[in-house]
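User: Could we go through some side-chain pairings in this model, please?

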2 protein chains.
Amino acid sequence: MQQFLEESKKISREIATLSGEIKNRVLLEMADALMEHCDFIVSNNEKDMSHAKLNNLPEALLDRLLLTGERVEAMANALREIAALKEPVGRVLDGWVTQNGLNIQKVSIPIGVIGIIYESRPNVTSDTAALCFKSGNVCVLKGGKEAEHSNSAIANVLRHVLAKNKIPEQAISLIPDSSREGVATLIKQDKYVDLIIPRGGEALIRYVSENSTVPVVKHDKGLCHIFIDEAANHEKAIQIAINAKVQRPGVCNSMETLLIHKDVAPYILPPLYEAFMSYNTQLKGCEVTRKYIDIKCATQEDYDTEYLANILNIKVVKNVDEAIFHIAKHGSGHSESIISENYTTVNKFLNEVDAACVYANASTRFTDGGAFGLGAEVGISTNKLHSRGPMGINDLTTFKYKIYGNGQVR
Amino acid sequence: MQQFLEESKKISREIATLSGEIKNRVLLEMADALMEHCDFIVSNNEKDMSHAKLNNLPEALLDRLLLTGERVEAMANALREIAALKEPVGRVLDGWVTQNGLNIQKVSIPIGVIGIIYESRPNVTSDTAALCFKSGNVCVLKGGKEAEHSNSAIANVLRHVLAKNKIPEQAISLIPDSSREGVATLIKQDKYVDLIIPRGGEALIRYVSENSTVPVVKHDKGLCHIFIDEAANHEKAIQIAINAKVQRPGVCNSMETLLIHKDVAPYILPPLYEAFMSYNTQLKGCEVTRKYIDIKCATQEDYDTEYLANILNIKVVKNVDEAIFHIAKHGSGHSESIISENYTTVNKFLNEVDAACVYANASTRFTDGGAFGLGAEVGISTNKLHSRGPMGINDLTTFKYKIYGNGQVR
């Protein structure tokens, strides 16, 4: 593995300097190649699927694993969209001239070698490979064992296009070893790997964060809140609360706890209850909430639970300060929203809540690369440093300073 | 310690929202307080000094540890300069409106709780405390045992000013435990600490990087090169090479290895030799170099050594590609410079060398916050992500997205 990663590091210098013209041409050829080898990919996917069925994988996982002609076409189209994105390398991020005439430019550059650890969905293989390639990075992919054949088929198709264009195939590589040991080795290779992006269950991410000597950008849990202030527009408040919970409960930017100002609780709780009932949402509430609507009791543990399901905690709070305090205590720093028409309260919430995305009068569901207008998404970072929130292709770059002198010495 | 850090995290919300007006007034009061309590600080420093002399600390370390009235005044002035810096919190870094009318603002915010681990120089205590405070962060300082009394005296003076202004004193705190165990505990508290900045020897930094579960911004070694191209202006080349080596050999941005294009080596080596001899620089060279000047032989190990002393390796290379290759192999990604009048060669070097600061026709010695015009410096980061190169006060911030909606749902 070490030797393999040493080679990845070495070729990363070459990949970093490819022109946008070449990178985009190669990406379009990769899209064509995926379509051309669709049968090959689907037949390899069938091997994974039959294996998964033998192992009694749950229906939801089987669906995530499945590739069809249509899904391969979607993968190809994603590559075309990535090719169309603006060049992420070489952007001048800042620049100035010092007193003694040094012309300093802060310029975006590729990160180098990026290790990506992910599970089940095979389209992640082509998506992340393309995002890394477009941003001039070498990627080392570590997919799940259950998608072994699918991932390998996809990677082979992409690598074939690289080879045809005389670009080192190792720019896109799959770690063959699908065991946890492969991950254990990968995350210790800080000499060769510049960044690790783990996408998967909490246990995996905790393991990687605790043991990696390579910087990690996490994509873990979202424990998001919405606070309905006393000055909320009731209609907007109900619409947004419903949307943030029920539109897609299984994702990280959906709401888990709804906080409501005590002065509006009596008026807004009954219609909210009606609305949630029509979506079969399971509601749990604090003691005050339960005075107004007849629902189960929410425990302290519930406030720390990311349900990823159509279940919601409701808690009545005294004021915006208590809402902010509750969020600081229970939130995961992902997405938080206030519904209020009061200028000062909205600003207080936006300023004081510490999360990647803090909303006023909108659903937390907008926290993603597409909704943000960033184009294809790497994921949603729950890091506080380097990347935070929706990660677009620019987040796969770092920077260096180029300094133009004319003989300056100190 | 855990309870103590939990409290740090808690008050970090309050510190984050202090206005620039208050922060700057407090910083100026701190500067006055340092002057007022100068005798108290110096007398505590005397305890450390006599202890250090008993322990036979080398002269250079004694000098770094020493505080005098003049040095305390310099510390106070540094605080005044920090007060005068532009507010780092709340800068709008980017902003746009999405198709559906969400107004997205990417805004700089404090990082939260920053742990700083450092050695000997007591002025680091007031400098970093002030930089963290100005950027709205809580700092947890872990100084060296040898400066225990000095650091504690300085921190007490600063904390007294906080208390007088009804700001939680724990915004600036010293970890009392001066042992390695204190560090070991601190770097595992990712729940409460957002960033660790270790400044010190390679062993400390390696230890922290390998064991920390908190993100780390390293300040470690600089193994810097200058490449004199065939198209170099000889006079500039010699001046810059001399400056980069001899002006202050003990710092991270000084040059350790000089690379020279083979076609100019015969002409430039003899005058270079003369110039370096007048500064008593100890030269080591490759076989080709030693054909032209009579110096000792440089080993492979020498090319990986950060001398931090008036010693220099000289190596003759075929062309800019070999220079770039050598730098990729032996450099530490800190500062690299090319001396050349050739447009294409300069651009190739600036584009292909991967380092925090890549120079054309200037000394590597300019890699620091002051020379970059960033104001007071936190240090020089050798990270590739988050912070890279000279760290100014803006590098003690991260960001969040504020999103202004008007009822949007998905």
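**Salt bridges and a buried threonine**

Analyst: This is a predicted model. In it, Glu87(A) and Lys23(A) form a salt bridge, with their closest N and O atoms 2.8 Å apart.

User: Where in the chain do Glu87(A) and Lys23(A) sit?

Analyst: Glu87(A) is in the loop between helix H5 (69-84) and strand S1 (92-97) of chain A, while Lys23(A) belongs to helix H2 (residues 20-36). The pair links distant parts of the chain, 64 residues apart.

User: Is Lys23(A) buried or exposed?

Analyst: Lys23(A) counts as buried because its relative accessibility is 0%, below the 20% cut-off. Glu87(A) is partly exposed, at 26%.

User: And which residue does Lys384(A) pair with?

Analyst: Lys384(A) meets Asp354(A) in a salt bridge of 2.7 Å, N to O. Lys384(A) is buried at 15% relative accessibility, whereas Asp354(A) is partly exposed at 37%.

User: How many salt bridges are there over all chains?

Analyst: The count comes to 41. Arg25(A), Glu29(A) and Lys164(A) are joined into one network by salt bridges that share partners.

User: Changing topic: what does the side chain of Thr257(A) touch in a polar contact?

Analyst: The partner is the side chain of Asn313(A), at 3.0 Å. Thr257(A) lies in strand S8 (residues 255-261) and is buried, with a relative accessible area of 0%. Beyond four places in sequence, its contacts include Cys224(A), Tyr303(A) and His326(A).

Methods: Residues numbered from 1 in each chain as written. Chains lettered and ligands numbered in written order. Predicted model: local features only at pLDDT ≥ 70, side-chain atom pairs only at ≥ 80, totals over all residues. Heavy atoms only, no water. Helix = DSSP H or I, 4+ residues; strand = E, 2+ residues; numbered from the N terminus. Buried < 20%, exposed > 50% of the residue type's maximum accessible area, 1.4 Å probe, protein only. Polar contact = N/O pair within 3.5 Å; in protein donor to acceptor, adjacent residues only side chain to side chain. Contact = heavy atoms within 4.5 Å. Salt bridge = Lys/Arg side-chain N within 4 Å of Asp/Glu carboxyl O.
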